[in-house]
Amino acid sequence: MTRNSHPTTHRPDRSSPHLGRRGFLTALGTAAATFATGVPAHATEHARDAASAAEYVDVQLLSITDLHGYLQAAPGPHATISGNGGLTYTVGGVAPMAAHLARLRAGRANSFFFTPGDAFSGWEFDAAAFADEPTIEALNRMGLDFATAGNHEFDKSPAFLRRHMEQAVTFPVEGRDTTFADSSGARFQGARFRFHSANVVRAGDPGRTVLPAYNIETVRTAAGQELRIGFIHLTALGTESFPGSYQPGLATLAETATADRYAAELKARGVGAIILSMHDGAVAGADFNSGTDPSGPALDLALRVSPDIDAIVTGHWHTRFNMMLPDPDGVPRPFVEAGCYGQLINEINLRLDPATGKVVRELTVSTNHPNTRDVAPDPALKEVVDYWAGQAAARDATRIGTQSGSFLRTRNAAGESTMGDLAADWALWAGSRPSDPENDANAHPNVPAQLALVATAPRVGVTVIAGDLVRDAESGGAVTFGRAWRAVGFGDPIVSATVTGQQIHDALEQQWTTAAGGELLFAPLAVSGNVRYTFDALRPAGDRVDPAEVFIDGVALDPARSYRLACPSYTFLANDGYAALSEGRSPYRHQRDFESFVAYVRESGTLTPAPLNRVTAAHTTRRGADTGATPDRAPLLHPDGTPMARPEAAALAAAPAHPTPDGPRPPC
Ligand SMILES: [Zn+2]
């Protein structure tokens, strides 16, 4: 038993268990009108501890959100949270989580465990290095019943999600890319739960969802009668154009309208209780067990969405709050988000009326439980965590190639570096790969790339290059899996798209800008090995590159012609500030960077640094010449100084693809 693991107990009021609607609304008073706050969230004073009233069917909903594969506690400030009125807790890890779940579930006949999304996708090496299969194994062992697909569940593809994560189909190579032996020694079995989304559809076919829109669970009354609970699932709007889950063949439908539509459908099917599990969220203060001044897309939805929905469980924003919000009829319902990385377990206790199957809303209680580490870890989950940590250490050290020299990010005056050139060569290779059955959500044909550009030091956002690849003489220049994985990648795919010669020229010009103080700034783009170009260090920003001085496979750039260009999706989305490239047409998504760079090293065999001769700065010795300054931007850190996970940093630092109103943004 841990501190504060139970909702604040309210004295049972056995004199009036059945409140009329009128008395109920009066009881809420003005608190509802200004968004009820407090610890924890009780619908009314009459919402009591769930184990009592025999006249109802008790249903327990347990959920976690945005686990992101953190089988062990996340580092830095993510491991400390505050709530329950200013208390702080050290949290995280699936082994303590399983122990907390066992305690919460004890004696509960009707308990469901689910997640509003981002359960997996490669933030923690131990899980990411094994195609996120360790996360599925952990969730299987914790008894996850069902899941909402978050944006990150689409970081590879719908085929990967359904065919691999659910059905355990191998692709492409067993034991190398997917389908590893799990902690019991068995081949990857796939999830024992299903992913859902009511609003992710194929582009151009809004009537057909990629995943089931909802699931219906049943519980029984004391008399043996079945009552049904519907769970509607939503994925963050715009998921198809986030850099990681960039899927040109998908679209997301409006959240509120979709939830309303399925709430009506479930009601028409006679489902009495309806829960919304949504991978979009809000911010509502710093205390994980209350809510103050909420804002964000989930709030907008919560205030308007069908009153037939009895609770709204959110995610995606990595925030922590727990509150009751009035539905459009003024009746409160839980509105919660349970942080990220296994910090919290949300528990909602519903009471169903056995006669109608409806939720007796005034008796709903919701609590966020901190996943504290002061419990004995669940032995089965601890075994899973330890097994994958050991596997990850071994994989990290596995030799996948050789390097004959070091690749460094150090740039010459023309902005060129051996590491930048390597990344650009990889991007061209990646953008020229044959179609992969894993990438089943493309809308355009796979036309191979003719050249690649990689931002090595963008003005905004971050670069896909994460570090140097220094030759290790002792190992004879071995490139290990871990070193390759850490050198390149921030979780986004390489995309090939059709651009004009003019747009390539304009992007090259956009490397230079003039700062407010007049200083010339240089945000270099590395070019693939088949490109040579010259810029004029004497000329002003915006007029430094002559198309006649840009050569692709030895032929001068033709501004009127079309070219097939490979870049990270991040660059095509202008997240790193080269606006000219956001005009690319017929995009085709290739493999994600981490896996793709590892595959490139494997296929290359030996990596050899090439001379820095792709970019020439002309007139550098003349008076007034200026190649421009490239400010060194420190990696993004958390307030306590720990480095941010690269996908998180990339998302936070990105220039928005489209202008968005000021205000908080979800971290991923
Ligand atoms: Zn998300």
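Guide: Two strands pair if DSSP finds at least two bridges between them. Keep that in mind for this predicted model. Strand β22 (residues 493-500) and strand β29 pair in the antiparallel sense, over seven bridges.

Visitor: Which residue of β29 is the bridge partner of Val495?

Guide: Cys567 in β29 is the partner of Val495.

Visitor: In which sense do β20 and β29 pair, parallel or antiparallel?

Guide: Strand β20 (residues 451-455) pairs with β29 (residues 562-568) in the parallel sense. Two bridges join β20 and β29.

Visitor: What does UniProt place at residues 401-582?

Guide: An unreviewed UniProt entry places the feature "domain: 5'-Nucleotidase C-terminal" there. Such annotations may be inferred rather than shown by experiment. Over residues 401-582 the chain is 28% strand and 18% helix. The end C-alpha atoms of that stretch are 34 Å apart.

Visitor: How many helices and strands does the protein have?

Guide: The protein has 14 helices and 32 strands.

Visitor: Which domains does the domain assignment give?

Guide: The assignment gives domain 1 (40-388) and domain 2 (399-632). Their centres, taken over C-alpha atoms, are separated by 39 Å. Where they touch, domain 1 supplies 20 residues and domain 2 supplies 22 residues. Helix α5 (residues 158-166) gives three residues, the largest share of the side of domain 1 that touches domain 2.

Visitor: Now the overall shape. What radius of gyration does the protein have?

Guide: Start from the expectation. A compact globule of 668 residues would have a radius of gyration near 26 Å. The protein has 27 Å, which agrees. Along the principal axes, its C-alpha atoms fill a box of roughly 90 × 50 × 45 Å.

Visitor: What percentage of the residues is buried?

Guide: A residue counts as buried if 20 or more other C-beta atoms lie within 10 Å of its own. In the protein, 54% of the 668 residues are buried.

Visitor: Where is confidence lowest, and where is it highest?

Guide: Where pLDDT is low, the predicted coordinates should not be read in detail. Here the mean pLDDT of the protein is 91, and 91% of its residues reach 70 or more. Helix α1 (residues 21-33) is lowest, at a mean of 33. Strand β13 (residues 273-279) is highest, at 99.

Visitor: Over which residues does pLDDT stay under 50?

Guide: Over residues 1-39. For that stretch the model has 52 contacts beyond four places in sequence.

Methods: Residues numbered from 1 in each chain as written. Predicted model: local features only at pLDDT ≥ 70, side-chain atom pairs only at ≥ 80, totals over all residues. Helix = DSSP H or I, 4+ residues; strand = E, 2+ residues; numbered from the N terminus. pLDDT = per-residue confidence, 0-100. Contact = placed C-beta atoms within 7 Å. Rg over C-alpha atoms; globule rule 2.2 N^0.38 Å. Buried ≥ 20, exposed ≤ 12 C-beta atoms within 10 Å, placed from the backbone. Domains from an automatic or database assignment.
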